[in-house]
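Subject: Structure handover

Hello,

Here is the structure I promised to pass on. Please open it first, then read my notes below.

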Amino acid sequence: MVTPTAGLDGSGAMHRLLAEHLGEFDQVFDAEDMQILGAAFDKAWEAVQASGVIYPEDKVELVRAILAKHIIAAAKDGERDHGRLRDGALLALAQSNLRSVPRPLR
């Protein structure tokens, strides 16, 4: 078991996850959008770390993907508020079943 911080940085991971999934969207996020999404991801990840929850090493990337995919999907629907993006991602994580792969983006 490792802590969720194991060798991973916040916004860099978000940008990588965005790049992996942008092809699934009809729109392209501009630089300001990317800053908003990255900041929301960083805050969500900080909340996960602060929670004290310890995920097995093989689940850390899955946790981060759940957060990122929710933020991306909410932004696709027009959400740009950091707090709502963060809170929605944390709720999605709380409701997720970490034994399965996250659902595809809508």
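To begin with the chain as a whole: of its 106 residues, 39% are buried. Please keep in mind that this is a predicted model.

The secondary structure is quickly told. The chain has four helices and zero strands. Along the sequence the pattern reads α-α-α-α. Residues 24 or more positions apart account for 78% of them.

**α2 with α4**

Helix α2 spans residues 31-51, and helix α4 spans residues 82-95. Their axes come within 8 Å and cross at roughly 45°. The two helices are therefore oblique to each other. The crossing is right-handed. Which residues meet here? From α2 come Ile 36, Leu 37, Ala 39, Ala 40, Lys 43, Ala 44, Ala 47 and Val 48. From α4 come His 82, Leu 85, Arg 86, Ala 89, Leu 90 and Leu 93. By class, this contact of α2 with α4 has eleven nonpolar residues, one polar and two charged.

Look at Ile 36 while you are there. This residue sits in helix α2. Is Ile 36 buried or exposed? Its relative accessibility is 12%, so Ile 36 counts as buried, the cut-off being under 20%. Leaving aside residues up to four places away in sequence, Ile 36 touches Arg 80, His 82 and Leu 85. Asp 81 is 45 residues from Ile 36 along the chain, yet their C-alpha atoms are separated by 7.8 Å.

**α3 with α4**

Helix α3 covers residues 60-76. α3 packs against α4 at an angle of about 130°, with the axes 8 Å apart. That angle makes α3 oblique to α4. Here too the crossing is right-handed. On the α3 side, the contact is made by Val 63, Ile 66, Leu 67, His 70, Ile 71, Ala 74 and Ala 75. On the α4 side, it is made by Leu 85, Gly 88, Ala 89, Leu 90, Ala 92 and Leu 93. The residues of this contact of α3 with α4 divide into eleven nonpolar, two polar and no charged.

**α2 with α3**

What angle do α2 and α3 pack at? It is about 140°, and their axes are 10 Å apart. So α2 is oblique to α3. α2 passes α3 in a right-handed crossing. α2 contributes Leu 37, Ala 40, Phe 41, Ala 44, Trp 45 and Val 48 to the contact. α3 contributes Val 60, Val 63, Arg 64, Leu 67, Ala 68, Ile 71 and Ala 75. Twelve residues of the contact of α2 with α3 are nonpolar, none is polar and one is charged.

Ala 68 lies in helix α3. With a relative accessible area of 1%, Ala 68 is buried. Ala 44 is 24 residues away along the chain, and the C-alpha atoms of Ala 68 and Ala 44 are separated by 9.2 Å.

Over to you.

Best wishes

Key. Residues numbered from 1 in each chain as written. Predicted model: local features only at pLDDT ≥ 70, side-chain atom pairs only at ≥ 80, totals over all residues. Heavy atoms only, no water. Axes fitted to C-alpha atoms, helices over the stretch in contact; angles between N-to-C directions. Parallel < 35°, antiparallel > 145°, perpendicular 65-115°, else oblique. Left-handed = near helix turned anticlockwise from the far one by under 90°. Contact = heavy atoms within 4.5 Å. Nonpolar A, V, L, I, M, F, W, Y, C, P; charged D, E, K, R; others polar. Buried < 20%, exposed > 50% of the residue type's maximum accessible area, 1.4 Å probe, protein only.
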